[in-house]
Amino acid sequence: MFASPAIAGLNHLLADAPWARARLAPFAGRTAVFHVTPFVLSLGIDGDGCFTESATPEPDVTLELPLASLPKAVGGTDALMADIRIGGNADFADALGFVLRKLRWDGEEALSRLVGDIAAHRAVSVARGVAAWHRQAARNAVENLVEYFGEEQPLVVKKAALEDLAGATAALRDDLARLEKRLKKLETC
């Protein structure tokens, strides 16, 4: 269902990365299967180091990623790598992992082919500025909520207040222990 567009997208990235095709070319004819339940993507490698569709029942490498790990993608591909279970040919898996970690789309380069270098650079700069503004706005909103629920509507107890309470509780416990000893001493008299 989504294999052809995914392979076309990966091959588009490989077209601008001769180093990646050179790294994959020695593994021509091998296959890899990516399992991200419920999706399965089966990839083959051709002689040029590009990806092809493959339906081999016995892949050379299998990579499994739990669906629950996908939110880690926000942290980048390295954050996801900790959760991937890899099985099969170690050399092929290493080359595939290296290429997929390092392969990046250069949007400015692709856009410059359509509108020219200067316009592409300015458009990408504006897009980066808008993205940075959105990140900062989200960060400010979270900080404001934390301050509101910590100061205005104290639903969250601050660490200093908990430490003060713990100290007062310990002092009260010690005072009660001394009082009990005095009472026992008075009772025996």
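Modeller: Start with Asp 106, which is found in the loop between helix 4 and helix 5. This is a predicted model, in which local features need pLDDT of at least 70, side-chain atom pairs count only at pLDDT 80 or more, and totals for chains, interfaces and linings use all residues. Residues are numbered from 1 along each chain as its sequence is written, and side-chain values use heavy atoms, with hydrogens and water left out.

Biologist: What counts as a helix or a strand?

Modeller: Both are DSSP runs, numbered from the N terminus: helices are H or I with at least four residues, strands E with at least two.

Biologist: Next, helix 5. Which of its residues are buried?

Modeller: Gly 107, Ala 110 and Ser 112. These buried residues pack against helix 6. Just after helix 5, Gly 116 takes a positive phi of about 100 degrees.

Biologist: How do I read a helix pair? At what angle do the axes of helix 5 and helix 6 cross?

Modeller: Axes are lines fitted to C-alpha atoms, for helices over the stretch in contact; angles run from 0 to 180 degrees between N-to-C directions. Helix 5 (residues 107–115) and helix 6 (residues 117–152) have axes that come within 7 Å and cross at roughly 135 degrees. That makes the pair oblique. The other classes are roughly parallel (under 35 degrees), roughly antiparallel (over 145) and roughly perpendicular (65 to 115).

Biologist: Is the crossing left-handed or right-handed?

Modeller: Right-handed. In a right-handed crossing the near helix is turned clockwise from the far one by less than a right angle; anticlockwise is left-handed.

Biologist: Which residues of helix 5 meet helix 6?

Modeller: Glu 108, Leu 111, Ser 112 and Val 115. Their partners in helix 6 include His 121, Val 124 and Arg 128. Contact means heavy atoms within 4.5 Å. The residues of this contact divide into six nonpolar, two polar and three charged. Here Ala, Val, Leu, Ile, Met, Phe, Trp, Tyr, Cys and Pro count as nonpolar, Asp, Glu, Lys and Arg as charged, and the others, Gly among them, as polar.

Biologist: And the core? Which residues have the most contacts inside the largest one?

Modeller: In soluble globular proteins, nonpolar side chains tend to be buried together. A nonpolar core is a set of buried Ala, Val, Leu, Ile, Met, Phe, Trp, Tyr and Cys residues joined through side-chain atoms within 4.5 Å. The largest one has 22 residues, and Phe 51 and Leu 96 have the most contacts inside it. Helix 4 gives the largest share, five residues.

Biologist: Where does Phe 51 lie?

Modeller: In strand 3 (residues 51–53). Phe 51 is buried, at 3% relative accessible area. Beyond four places in sequence, Phe 51 touches residues including Ile 7, Leu 10, Leu 43 and Leu 96. Leu 96 in turn touches Leu 24, Ala 32, Phe 34, Phe 51 and Leu 63, with residues up to four places away not counted.

Biologist: Is Ser 42 buried or exposed?

Modeller: Ser 42 counts as buried, because its relative accessibility is 16%. Ser 42 lies in strand 2. Neighbours within four places aside, its contacts include Ile 7, Val 33 and Thr 52.

How values were computed
Buried means under 20% relative accessible area, exposed over 50%, partly exposed in between (1.4 Å probe, protein chains only).
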